[in-house]
Amino acid sequence: MTGLVVAVVALAVINIVYKGIGPAVLGDRVFPPRIQEIIDALPAALLAGLVVVNLLGERWGAADATMLPGLAAASVAWWFRVAQLGCVVIAVVVTILVRLL
Amino acid sequence: MGVGLAVGAFALAVSFGAFAVTNGWPAWLAIVMSAVTFSGSAQFALVTAASGGSIAAGVGAAALINARFIPMGAASARSLHGGPVQRALEGQAVVDGSWVAAQNGDGTLDRAKLFAATLVQWPAWIAGTAIGALFAPSTDFMRQFGLDVIFPAFFLVLLLDALRGRPRLVLIAVVAAVIAAASVLVLPGGVALLICGLAALLAAARTAKRLDR
């Protein structure tokens with residue numbers, strides 16, 4: 001429990017520093033392309049990791065195939081440039097239908 | 001524009017609140033986290049990691065995922081007002097949705113739009129977390145109404161948005177997904193996430209090096 005509180009405080013402080021340091025210190029500085037490329041890659045990699053880790057769960061214990069059609073439908077909707085929220089709603093509806101089958 | 005962002009934030013926050021409580025977090029702490037962090041991907045990463053007992057790895061993964069705020073903040077600097085302290089304070093308004101919405105298209109940022117978009121999302125984010133955490137719908141309820149798919153679907157769409165038109169990142173994301181799938185088989189979720197981030201660092205450093213030439 002204490003560990004969780006410390007983690008929340010740590011994350012909040014990290015976030016505040018991240019958001020404050022650019023405007024306060026770095027100004028309008030442009031990052032070297034390599035650094036920028038690396039920073040750009042992090043969210044993509046971690047988002048991919050986050051989706052997979054949560055879909056599978058530890059030791060793949062939470063693997064739930066009924067979510068896949070909904071996620072596939074959301075991807076198709078995204079391809080057709082449906083807004084974020086619309087894609088999520090489609091995923092929910094398809095998942096409900098799949099589970100009713 | 002603001003309403004759409006607020007509705008999206010609210011829906012994701014409800015699923016976050018429920019997710020945190022079903023993973024053993026006290027409701028109040030989930031709500032506090034939303035108030036002080038206000039960053040969906042980092043919060044989900046931390047809760048995912050902590051449920052496997054690897055809190056430090058969770059903070060590490062969350063810190064990596066949020067490192068994007070450094071360049072985003074720096075890019076906003078000249079559109080913000082005042083001295084360093086005021087600009088640092090104003091920079092706290094930078095969140096993904098608002099930052100994108102406030103782009104003028106010429107590299108500058110509409111400061112008023114940035115603040116307005118964040119001001120509508122933040123209460124929605126906290127209120128949504130509170131509802132999700134306090135009502136803490138049962139796992140069965142979440143499944144029956146497909147609510148458990150909200151969070152993976154949301155991040156999948158965010159991921160697809162991040163990949164649009166950037167083939168280099170597609171490869172990195174696919175590698176990260178494979179690494180995540182393999183490592184979560186034997187490691188706690190947070191460590192798996194952290195490994196994804198580190199692998200991305202390596203892969204990005206390599207591909208970026210190629211760009212330099």
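This is a predicted model: local features need pLDDT of at least 70, side-chain atom pairs count only at pLDDT 80 or more; totals for chains, interfaces and linings use all residues.
The domain assignment divides chain B into domain 1, residues 2–149, and domain 2, residues 165–213. Between domain 1 and domain 2 of chain B, about 570 Å² is buried, with zero salt bridges counted between them.

**Placement and extent**
- The C-alpha centres of domain 1 and domain 2 of chain B are 23 Å apart.
- Contact between the domains of chain B involves eight residues of domain 1 and eight residues of domain 2.
- Carbon and sulfur atoms give 86% of the area of about 570 Å² buried between domain 1 and domain 2 of chain B.
- Of the area that domain 1 of chain B buries against domain 2 of chain B, 54% is supplied by Ala57(B), Ala61(B) and Leu64(B), more than by any other three residues.

**Polar terms**
- The number of salt bridges between domain 1 and domain 2 of chain B is zero.

**The domain 1 side**
- On the side of domain 1 of chain B that touches domain 2 of chain B, the elements that give two or more residues are helix H3 (40–51) and helix H4 (55–65) of chain B.
- H4(B) gives the most to this side of domain 1 of chain B, with four residues.
- By residue class, the side of domain 1 of chain B that touches domain 2 of chain B has five nonpolar, three polar and no charged residues.

Technical notes. Residues are numbered from 1 along each chain as its sequence is written. Chains are lettered from A and ligands numbered from 1 in the order in which they are written. Side-chain values use heavy atoms; hydrogens and water are left out. Domain bounds come from an automatic or database domain assignment. Contact means heavy atoms within 4.5 Å. Buried area is the accessible area (1.4 Å probe) that two parts lose on being put together, summed over both. A salt bridge is a side-chain nitrogen of Lys or Arg within 4 Å of a carboxyl oxygen of Asp or Glu. Ala, Val, Leu, Ile, Met, Phe, Trp, Tyr, Cys and Pro count as nonpolar, Asp, Glu, Lys and Arg as charged, and the others, Gly among them, as polar.
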